[in-house]
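Here is a friendly walk through a protein chain, taken one piece at a time. Keep the sequence and the 3D view at hand as you read.

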Amino acid sequence: MTRRFDLPDRIPLFPLPGAVLMPRARIPLHIFEPRYLQMLEDALKTEHRLIGMIQPEGDGLSAIGCAGRVVAFSETDDGRMMISLGAVSRFRLLEVEEGFAPYLRAQIDWTSFVRDLGGAEQDPGLDRKALFALLGRYMETQDLSTDWDAAAGAEDELLINSLSMMLPFSTGDKQALLESPTLSDRRELLVGLVEFALHGGENEERLQ
């Protein structure tokens, strides 16, 4: 995506287990806790409007997250906010700064993820026929459905990143997908996770 702002070295964090934002993807969020409503209000006052999506890990946070720019928002009658974050770049967490606001802020580093700021990646090794056959078996066992026509027409990156975000994998598996260096790496891991589930692996956690 084209940026009209400099990437800051500090951003607010929105820790959310089981939810990851992939490069150049979008994620809808439902904001209702007072501290995160304050976070959104503060983010909208900045030029960059960035919020860092990151997963909890143990007693802390994962080392890698992805920052998204608030690209759309609407308020419900009871004061809740529905927003959409458009991914800008992954980041490495350096230090959490507590005590400055009711929500978490952190010092972060972007330098490992310069590729995220470019155009969409392609995956020359993607075999769509084989992938769709595998996904069909998986979704049947998981009682899931999808829009196959939309999937067939999606570009490589949109397809693989959407599946990585939406399929009911564990938080650890989703983190591994997020941290995959390239789109091909992410697709290979995605296929491996689906095959593992089909061969009697542990039940994946469902997104609520």
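## About the model

This is a predicted model, in which local features need pLDDT of at least 70 and side-chain atom pairs count only at pLDDT 80 or more, while totals for chains, interfaces and linings use all residues. Residues are numbered from 1 along each chain as its sequence is written, and side-chain values use heavy atoms, with hydrogens and water left out.

## The annotated region

An unreviewed UniProt entry lists residues 11–198 as "domain: Lon N-terminal". UniProt positions follow the numbering used here, feature names are shortened, and annotations may be inferred rather than shown by experiment. Over residues 11–198, the chain is 36% helix and 29% strand. Helices (H or I, at least four residues) and strands (E, at least two) are DSSP runs, numbered from the N terminus.

## A look at helix α2

Helix α2 covers residues 128–142.

The buried residues (under 20% relative accessible area, with exposed over 50% and partly exposed in between, using a 1.4 Å probe and protein chains only) of α2 are L131, F132, L134, L135, Y138, M139 and Q142. They cover an arc of only 165° around the axis, so they sit on the same side of α2; the arc is that of the directions from the helix axis to the C-beta atoms. An α-helix has 3.6 residues a turn, so residues three or four places apart point the same way.

The buried residues of α2 pack against α3, α4 and α6, where contact means heavy atoms within 4.5 Å. On the face turned away from the buried side are the exposed residues K129, E140 and T141. Just after α2, D143 takes a positive phi of about 60°.

## Salt bridges

How many salt bridges does a search of the whole structure find? There are ten, each a side-chain nitrogen of Lys or Arg within 4 Å of a carboxyl oxygen of Asp or Glu.

One of them joins R24 and E121 (4.0 Å, N to O). This pair links distant parts of the chain, 97 residues apart: R24 is in the loop between β1 and β2, and E121 in the loop between β8 and α2. R24 is partly exposed, at 21% relative accessible area, whereas E121 counts as buried at 12%.

R35 and E33 form another salt bridge, with their closest N and O atoms 3.0 Å apart.

Methods: Expected span 1.5 Å × (residues − 1).
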